[in-house]
Amino acid sequence: MTESKRIKRFLEIIPGALSWLIILGLILLSMFKPVAGAVAIIVFDFYWIIRTGYLTTLLLMAHRKLMRDKNKDWLKACEQLGAGSGWDGLRHLVIFPVYKESIDILRASLSAISSSRFPEEKMIVVMAFEERYRPARDTAAALEAEFRDKFGGYLSTFHPDGLPGEKRLKGANATWAAKRAREYLQARGIPAEKVIVSCFDADTCVDREYFGCLTYHFATNPRPHQSSYQPVPVYNNNIWYAPSFARIIETSASFCQLIESMRLEKFVTFSSHSMSFKTLIDIDYWPVDMISDDSVVYWKAYLYHKGDYRVIPLYTTVSMDMAYSTTFFKTIVVQYKQKRRWAWGIENFPYVVSRFINNPDIPLSKKVRRSFHLLEGHVTWAVWAAVMVVIAPLPILLGGFFFNQMPIGYNLPRITGMLLNFSIFASFIWIALTRTILPPRPKDVKWFVNVVMVLEWTIVPFIVIVVGSTPALDAQTRLMLARYMEFFPTEKLRRVV
Amino acid sequence: MSREQKLRAGLFYISCAVFILGLPFILTYTMGYQLDRSSWKFTRTGLISLKSVPSGAGVLLDGVLFNDKTPCSINEVMPGAHHIELTLEGYYPYSSDIEVWAGKVSRMEKVILFPLRPDVKQLNKSRISSFWIDDARNIIYYFNQEDSAVYKSDMDGEHFRLAANFVSLRPSPKKWLVSPDRQKLLYFNNHQIGLAGLKQEETLLSQENQFVIEYPFDNILDVFWHADNYHLIVAGEKKVAILEAKPGAAPFTLVNLGKRNSQVFFDPKEDTLYFSDSQRAEDGKLYDNIYKLELKTKLYLFQDLIRLKSNDREQKN
């Protein structure tokens with residue numbers, strides 16, 4: 001094993017080892033040193049209360065910005081910039097990596113783009129199919145016939161299976177499509193500097209103002225090629241038909257993304273996002289062998305620009321499908337697997353830190369801070385629910401008579417109760433905000449679902465136990481044991497109305 | 001940096017400050033430490049946990065009014081003896097001394113506060129001399145010796161009404177019992193057993209609904225209903241006998257007792273009689289023993305014997 005591989009392997013072990021150390025350490029402390037265990041739990045509880053308060057305030061701030069920006073006339077704002085800004089010369093390259101998604105889902109995504117308030121002739125759409133999926137050619141032909149004339153350019157690409165150095169991943173397909181698009185643009189004399197590329201999940205339906213908003217931010221950015229542009233992902237396509245369990249998780253995911261949009265120093269691209277096509281070419285496209293291509297592409301750009309690269313939040317939404325299945329338990333499994341795939345983003349940690357080590361161009365403080373953010377975020381994700389739900393009662397249960405006779409034994413459940421009350425208060429804010437990002441209720445959905453959508457928040461404790469920490473812990477453990485995950489497309493159901 | 005980012009940074013640093021400054025206070029508080037401002041040293045204190053029934057009582061610790069009301073806990077109490085007083089309007093105050101130890105919880109969690117004016121309510125709507133509570137069916141039976149009447153009501157004295165009449169005994173009955181099926185009333189003094197039907201529309205006991213069985217053979221100590229609602233187990237000073245609940249019934253002796261004032265207990269669930277008696281041992285001395293007599297399985301034998309004895313008596317008559 002080479003030195004670099006040894007370092008990478010060591011870095012792969014760190015997150016999982018740290019999470020397990022915290023969990024097992026607290027369990028052992030609760031058993032053998034209940035006072036020390038209780039102190040650790042109280043410190044964590046207090047930290048969590050402060051953190052919840054801080055993040056909920058950020059959520060409110062981000063939500064305010066979303067409400068302000070989402071209905072703004074962005075095209076008009078671009079026009080007001082004037083010709084000197086160069087917005088008029090910008091082109092949008094939209095890539096949809098597709099695998100087995102149905103034609104109805106793809107049609108809805110393309111319709112959303114064609115309905116957006118931005119000149120269609122400036123749009124080039126690439127439907128990136130996988131050659132190994134046999135029905136892809138038929139789907140491509142049907143969509144091409146329907147949408148070819150609706151955009152300035154339209155391409156269907158078919159990613160060959162088994163190219164050297166590649167894995168069967170979305171990033172490999174998107175990269176293949178981007179290379180074909182580059183050829184297409186070169187043939188038409190369109191410079192990459194003038195192209196903004198958006199890589200969307202196949203089910204992504206953009207807001208009508210998305211491209212206007214994106215263009216405005218690109219055109220007004222002093223360093224447009226040193227930024228990625230991240231919209232707010234919402235899971236509204238099938239939200240009225242999804243089971244409560246899935247709805248709560250995905251709404252929370254949208255809120256987490258809103259919160260992240262306020263923390264610019266650690267903001268990383270997630271899911272559907274946009275960036276300069278020039279930068280994408282400079283960094284050699286998306287990774288072709290990593291599952292979390294959406295965030296790794298940011299880190300590639302960050303390293304390429306020596307740490308002078310950032311993500312600009314766009315307070316406009318892109319709507320995707322919620323992951324759910326035909327039954328409650330299948331939905332739990334689907335959700336669990338999707339969250340584990342998201343948590344597999346921890347593979348960024350060894351990727352980034354191993355490249356930081358011998359990189360003298362990025363200041364040490366930046367390297368330490370970004371590494372810490374990556375590690376802290378994922379480790380907290382893996383342990384928080386385990387600590388609060390499973391470990392917090394352990395000192396009381398295992399501490400014995402003498403511990404329970406001590407003030408700390410007496411006060412521990414009260415502090416934990418206080419945390420619960422605070423969480424309930426925060427959840428009221430989340431419930432209220434949920435209503436503001438919902439699409440209109442379809443006619444075939446009964447009004448009673450509105451009530452269910454409020455009551456369903458009572459199942460949060462159950463959700464916390466099932467998908468709170470375990471998917472992240474699972475992902476980190478796999479990485480720690482070098483049992484690398486394979487990509488699989490998440491099962492999503494959509495009733496096409 | 002934008003205004004929002006400045007605001008966020010401010011919020012972040014405030015949160016950090018709250019955490020860093022608040023954590024020592026939370027930890028010292030939960031672990032029972034108190035800062036002694038005179039010496040600027042942390043002193044380990046104790047904690048008092050208070051609960052009362054009813055809750056909501058005001059708390060005075062060593063004469064100083066405490067903010068919370070019961071149930072509550074008083075943290076950071078210096079070790080040593082303390083005086084607790086609980087006060088609640090309309091209730092007698094409760095006060096007690098409590099010892100507090102460093103790093104320990106002293107509990108005063110079983111305090112009952114008694115009302116100043118107890119909520120006493122008269123249930124009977126007519127004169128009564130005794131009562132019997134059927135807690136399984138939430139009925140109170142009231143017995144009026146002067147009027148020879150039985151009344152009944154629910155447990156709050158509501159729906160008070162006449163349930164039956166009975167034949168008076170002289171001297172007055174010393175105990176009242178309702179049969180397991182709640183259809184017959186049994187009462188007795190030393191030599192008489194009275195019976196009355198509680199469902200007046202039916203003749204339940206015999207052709208007569210109210211009657212008295214004379215029992216001159218023994219001094220009755222106790223009478224029990226058998227589970228069949230028809231036989232009576234009579235515990236006297238000299239013997240334990242079984243008796244049918246019908247006019248003129250003759251007792252059948254189950255056990256002759258060797259000593260007076262034996263203790264007798266009847267288990268109605270198992271139809272089993274427990275009694276004490278003396279037995280003379282081989283050494284010629286009397287020893288007290290406890291005996292068990294199961295009546296459930298052997299009742300058919302007694303029924304046959306009672307029937308035979310009744311026939312003998314009728315033939316003699």
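Me: Which residues does V150(B) touch, leaving out those up to four places away in sequence?
Reply: V150(B) touches Y141(B), Y142(B), F143(B), A163(B), A164(B), F166(B), L185(B), A196(B) and L198(B). Two residues are in contact if their C-beta atoms, placed from the backbone, lie within 7 Å. Bear in mind that this is a predicted model, where local features need pLDDT of at least 70, side-chain atom pairs count only at pLDDT 80 or more, and totals for chains, interfaces and linings use all residues. Residues are numbered from 1 along each chain as its sequence is written, while chains are lettered from A and ligands numbered from 1 in the order in which they are written.

Me: Is V150(B) buried or exposed?
Reply: V150(B) is buried, because 24 other C-beta atoms sit within 10 Å. The cut-offs: buried takes 20 or more other C-beta atoms within 10 Å of the residue's own, exposed 12 or fewer, and partly exposed is in between, with C-beta atoms placed from the backbone.

Me: And where is V150(B) in the fold?
Reply: V150(B) is in strand β12 (residues 149-154) of chain B. Helices (H or I, at least four residues) and strands (E, at least two) are DSSP runs, numbered from the N terminus.

Me: How far apart are the C-alpha atoms of V150(B) and A164(B)?
Reply: They are separated by 5.0 Å, with the two residues 14 apart along the chain.

Me: What about S148(B), what's its phi?
Reply: S148(B) has phi near 50 degrees, a positive value in a residue other than glycine. S148(B) lies in the loop between β11 and β12 of chain B, and counts as partly exposed because 16 other C-beta atoms are within 10 Å.

Me: N138(B) next. What's phi there, and where is the residue found?
Reply: Phi of N138(B) is near 60 degrees, again a positive value in a residue other than glycine. N138(B) is in the loop between β10 (130-134) and β11 (139-144) of chain B. N138(B) counts as exposed, because there are 11 C-beta neighbours inside 10 Å.

Me: Cis peptide bonds: which residues does one join, and what's omega?
Reply: One joins V53(B) and P54(B), with omega about -5 degrees; P54(B) lies in the loop between β3 (46-53) and β4 (58-61) of chain B. A cis peptide bond also joins T70(B) and P71(B), with omega about 0 degrees. P71(B) is in the loop between β5 (64-69) and β6 (72-77) of chain B.

Me: Switching to the two chains. How many residues does each give to the contact?
Reply: Chain A gives 20 residues and chain B gives 22. On the side of chain A, the elements that give two or more residues are α2 and α16, and α2(A) gives the most, with 11 residues. By class, that side has 16 nonpolar, 4 polar and no charged residues. Here Ala, Val, Leu, Ile, Met, Phe, Trp, Tyr, Cys and Pro count as nonpolar, Asp, Glu, Lys and Arg as charged, and the others, Gly among them, as polar.

Me: How do the axes of α2(A) and α1(B) cross?
Reply: The axes of α2(A) and helix α1 (residues 3-30) of chain B come within 10 Å and cross at roughly 160 degrees. That is why α2(A) is roughly antiparallel to α1(B). Axes are lines fitted to C-alpha atoms, for helices over the stretch in contact, and angles run from 0 to 180 degrees between N-to-C directions. Under 35 degrees counts as roughly parallel, over 145 as roughly antiparallel, 65 to 115 as roughly perpendicular, and the rest as oblique.

Me: Which residues make that contact between α2(A) and α1(B)?
Reply: Among them are F46(A), Y47(A) and I50(A) of α2(A), and F12(B), F19(B) and L23(B) of α1(B). The contact of α2(A) with α1(B) has 16 nonpolar, 5 polar and 2 charged residues.

Me: What about α8(A) and α11(A), how do their axes cross?
Reply: Their axes come within 9 Å and cross at roughly 20 degrees, so α8(A) is roughly parallel to α11(A). The contact is made by F245(A), A246(A) and I249(A) of α8(A) with F328(A), T331(A), I332(A) and Q335(A) of α11(A). These residues divide into 5 nonpolar, 2 polar and no charged.

Me: What else do the buried residues of α8(A) pack against?
Reply: Besides α11 (328-343), they pack against α2 (34-69), β6 (227-234), α16 (407-437) and α18 (460-467) of chain A.
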